Amino acid sequence: MKLPSLDTPEPPSIERDRPRRARQLGADQVVELIAGYQSGATVYELGDRFGIERRTVSNILHRHGVPMRRRGLSPDQVDHAIHLYNLGWSLARVGEHLGVNHTTVLNKLRERGIPTRDSHGRPRVEAGDLR
């Protein structure tokens with residue numbers, strides 16, 4: 001068996017990150033995606049199902065003139081969210097419990113003037129706040 005020469009090392013192979021191309025759905029998949037959305041699936045669920053970003057799902061639906069649902073939270077749900085948040089639940093946990101994104105919960109708390117916590121549970125200091 002011949003060993004490789006130490007005099008002329010082989011250059012290491014370099015793997016370069018190639019820009020990723022957005023996954024393209026076929027016409028049948030677009031029809032299936034639209035039907036799924038119209039049957040009640042969320043853009044997040046459809047994104048997971050088809051292996052695409054939720055923004056891509058939204059773009060496809062907009063391109064095909066599909067009216068978007070705005071789930072949001074009812075006033076009673078906002079009251080419930082405030083209660084859970086005041087018990088110490090995270091925004092993510094409250095959002096998951098209510099079936100919405102944590103940002104939706106945060107926006108509703110801010111609309112109601114509820115002080116929020118940072119990721120360590122401390123009161124959040126907003127810009128311009130002189131605590």
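Author: A residue is called buried under 20% relative accessible area, exposed over 50% and partly exposed in between (1.4 Å probe, protein chains only). The model is predicted, so local features need pLDDT of at least 70 and side-chain atom pairs pLDDT 80 or more, while totals for chains, interfaces and linings use all residues. Residues are numbered from 1 along each chain as its sequence is written, and side-chain values use heavy atoms, without hydrogens and water.

The part is helix 4, residues 75-86 (helices are DSSP runs of H or I, at least four residues, numbered from the N terminus). Its 12 residues should span 16 Å at 1.5 Å a residue, counting one less than the number of residues; the end C-alpha atoms are 17 Å apart, which agrees. Val78, Ala81, Ile82, Leu84 and Tyr85 are its buried residues. They lie on the same side of helix 4 because their arc around the axis is only 165 degrees, taken from the directions from the axis to the C-beta atoms. Asp76 and Asn86, on the other side, are exposed. After helix 4 comes Gly88, with a positive phi near 110 degrees.

The buried residues of helix 4 pack against helix 5 (91-98) and helix 6, where contact means heavy atoms within 4.5 Å. Helix 6 covers residues 102-111 and holds both Lys108 and Glu111, 3 residues apart, about one turn. These two form a salt bridge with the closest N and O atoms 3.5 Å apart (a side-chain nitrogen of Lys or Arg within 4 Å of a carboxyl oxygen of Asp or Glu). Lys108 is partly exposed at 23%, whereas Glu111 is exposed at 59%.

Definitions and conventions. Helix = DSSP H or I, 4+ residues; strand = E, 2+ residues; numbered from the N terminus.
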